[in-house]
Amino acid sequence: MNAVIIKELTKKYGNIVAVNNLNLTIEQGELFALLGVNGAGKTTTIKMLSCLIKPTSGDAFLLGESIISNPHSINEKTNISPQETAVAANLSVLENLELIAGIYGQNSKTANKNAHEIAQKFGLKNELNKKAKNLSGGMQRRLSIAMALISEPQILFLDEPTLGLDVLARRELWASIKSLKGKVTIILTTHYMDEVENLSDRVGIMANGQLTTVGTVTELTMQTNTAKLEDAFIVLSGGVL
Amino acid sequence: MRMFLFAKRNIKEILRDPINLFFSIGFPLVLLVLLSIINSSIPPEAKNTMFQIKNLAPGLAMFGSVFMALFAGMLLSKDRTSSFLMRLFTSPMTAADFILGYTLPMVVMTIIQAAITLLAGGAFGLDININIIFAIIMTALTSLFFVGTGLFFGSLLNDKAVGGVCGALLTNIAGWLSGVFIPIDLIGGAFKAITHILPFYNSAEAIRISLSGNFSYILPHLIVVTVYTIVIFTLAIIAFNRKMNGEKI
């Protein structure tokens, strides 16, 4: 079953075309990695799919709901971990998690239970009463993703989730993301090719606002006659090896 | 429900900052003590009643509420620039949840601040009676102008710029033009005329009249403040909604 169906999605800012006629289908439970150089249109696409900005033309259907005519319904079933860490600095880890759970309609008892469970899963159990601003960068990022997951979304947008993390923190976060595969549909943007190789089911490459290629890592390397995804990415993005 | 959760978060976020705590509660009290000491040194023949407690206490209640513009603006601006608001924009929260969630904590803080300031005025000779409650309610109402100002600039500017506009600029303008620190009647002329068409003097007067109990004189002041409040809140809601929909302002 398809979780995301994108039809001719376009976003223009004046004369600049940020996303141009995007067509794509993502299956339920799939982890889809969206790649592209800076300015390729990845974040604009994520913002349109998460109903943060309206498309200039075209539409996308998430779990059967249109991002144009029914954004409120989509917001209840999806969540996002933005590129920057998005936490309430003066609230504790527990308060941050309970706040988001409450906003997504969980009562205080359920929110507290889910907050403890997800803190355990993301290695935040010992930090529950610490203010978010006092956590390390890696811990803040984990909290940010845990906040996206506590609402039990059916579709999760991860916009460069491991940006700025050290190797250990990245690997730990990969393990957490892997554990979601098959249960949650994940759309991931990243600049790290090893992350894509480790996590994604399929990859889409954007260049100049257009989706140029979609396939598995193996399909992309075969298509470009390259040995690594990084080389395939460079070829498909119009770069020179 | 969502609005109350968000309001609860906002009040925690503000009160857990010690500087905010000082400016919201401590600063008006410091001014009350200092200006009361100055008042005791003014000879009766000077006929300057500005710092008499019946004028000073309501004036400081108004001046304290000016800081709500700074708190609301800084909080909104930080939420916007740190991506926290972006996260919430993808949640089921509505524009009304956001606007009310930012406004309600400021009104609660104003009520607490005004109550402390006016009750502390009792130590300096202010008559503590039922009118204190009316003065507190009036301060909460007039504070909405400052909350709206904070939300408007918080929707447009980064937190440093909000600090400059709502902190340094607005507090100075409000202090000068409200008659709390400067004798407007003694200066008179164009200065007095300008103060009478702006919301600062009218806010202070509305609170002072509430405290005195002579409500028959309150309407003209209340009309001026209400008009400014409606205008600034309308602008704030437009600016916030455009940000929420990812449109340029």
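Trainee: How much area do chain A and chain B bury between them?

Mentor: Keep in mind that this is a predicted model, where local features need pLDDT of at least 70, side-chain atom pairs count only at pLDDT 80 or more, and totals for chains, interfaces and linings use all residues. Residues are numbered from 1 along each chain as its sequence is written, chains are lettered from A and ligands numbered from 1 in the order in which they are written, and side-chain values use heavy atoms, leaving out hydrogens and water. Buried area is the accessible area (1.4 Å probe) that two parts lose on being put together, summed over both. Carbon and sulfur atoms carry 58% of it here, and the total for chain A and chain B is about 2500 Å².

Trainee: Which residues of chain A lose the most area to chain B?

Mentor: Three of them together make up 25% of what the chain A side buries. They're Leu52(A), Asn90(A) and Ile103(A).

Trainee: How many residues does each chain bring to the contact?

Mentor: Contact means heavy atoms within 4.5 Å. By that rule, chain A gives 33 residues and chain B gives 23 residues.

Trainee: Which residue of chain A does Lys12(B) form a salt bridge with?

Mentor: A salt bridge needs a side-chain nitrogen of Lys or Arg within 4 Å of a carboxyl oxygen of Asp or Glu. Chain A and chain B have two salt bridges between them. In the one made by Lys12(B), the closest N and O atoms are 3.2 Å apart, and the partner is Glu95(A).

Trainee: Which element supplies the largest share of the side of chain A that touches chain B?

Mentor: Helices (H or I, at least four residues) and strands (E, at least two) are DSSP runs, numbered from the N terminus. Helix H2 (71-77), strand S6 (78-81), helix H3 (93-103) and helix H5 (137-149) of chain A each supply at least two residues. The largest share is six residues, and it comes from H3(A).

Trainee: Is Ala169(A) buried or exposed?

Mentor: Ala169(A) sits in helix H6 (residues 167-178) of chain A. The cut-offs, with a 1.4 Å probe and protein chains only, are under 20% relative accessible area for buried, over 50% for exposed, and partly exposed in between. Ala169(A) has 12% relative accessibility, so it counts as buried.
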